[in-house]
Amino acid sequence: QVQLVESGGGSVQAGVSLRLSCRSNYSRACMAWFRQSPGSEREAVAYSNSAGWSTYADSVKGRFTISKDSAKNTLYLQMNSLKPEDTAMYYCAAGLGAGSWRESSKYNYWGQGTQVTVSS
């Protein structure tokens, strides 16, 4: 049974930083962070493949960093200079599906989400 468990969300003021964590028992996978706010579609935020290559949505490029600690089987999302528009439920995803990293269908496994709320 593959499990992804996110943590690290919270309510913060604009401009500060948060680090999200995703513990997994599934190490050989491409992994990503998505987010979804009420009334909006789920949006791909950051992606890291099994070779360590990473990419980001334009909306977070330069502010967010995705990283992995293989020894701890943990995926991180360092979020700096947070903005109110970053407010969303953040989900960790893992899988080996084909297709664009932005597509939810690429991922077989999802965490339960962690809420990030940024106030101005």
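The following exercises, with worked solutions, concern a predicted model.

**Exercise 1.** Determine whether Ala 94 is buried or exposed, and identify its surroundings.

*Solution.* 
Step 1. Locate the residue: Ala 94 belongs to strand S9, which spans residues 88–95.
Step 2. Apply the cut-off: a residue is buried under 20% relative accessible area. Ala 94 has a value of 0% and is therefore buried.
Step 3. List the contacts. Leaving aside residues up to four places away in sequence, Ala 94 touches Leu 4, Tyr 26, Ala 29, Cys 30, Met 31, Tyr 107, Asn 108 and Tyr 109.

**Exercise 2.** Classify the ring pair of Phe 34 and Tyr 107, and state which parts it ties together.

*Solution.* 
Step 1. Begin with the total: the structure holds five aromatic pairs.
Step 2. For Phe 34 and Tyr 107, the ring centres are 5.4 Å apart and the planes stand at 80°, so this pair is edge-to-face.
Step 3. Because Phe 34 is in strand S4 (residues 30–36) and Tyr 107 is in the loop between S9 and strand S10 (109–110), the pair ties together parts 73 residues apart in sequence.
Step 4. Consider burial: Phe 34 is buried at 0% relative accessible area, and Tyr 107 also counts as buried, at 5%.
Step 5. Extend the view: ring pairs link Phe 34, Tyr 107 and Trp 110 into a cluster.

**Exercise 3.** Find the rings over which the charged end of Arg 42 sits.

*Solution.* 
Step 1. One ring is that of Tyr 91, with the charged end 4.0 Å from its centre.
Step 2. Another is the ring of Trp 110, where the distance to the centre is 4.8 Å.

Conventions:
Residues numbered from 1 in each chain as written. Predicted model: local features only at pLDDT ≥ 70, side-chain atom pairs only at ≥ 80, totals over all residues. Heavy atoms only, no water. Helix = DSSP H or I, 4+ residues; strand = E, 2+ residues; numbered from the N terminus. Buried < 20%, exposed > 50% of the residue type's maximum accessible area, 1.4 Å probe, protein only. Contact = heavy atoms within 4.5 Å. Phe/Tyr/Trp six-rings, centres within 6.5 Å; stacked < 30°, edge-to-face > 60°. Lys NZ or Arg CZ within 6 Å of the ring centre and 35° of its normal.
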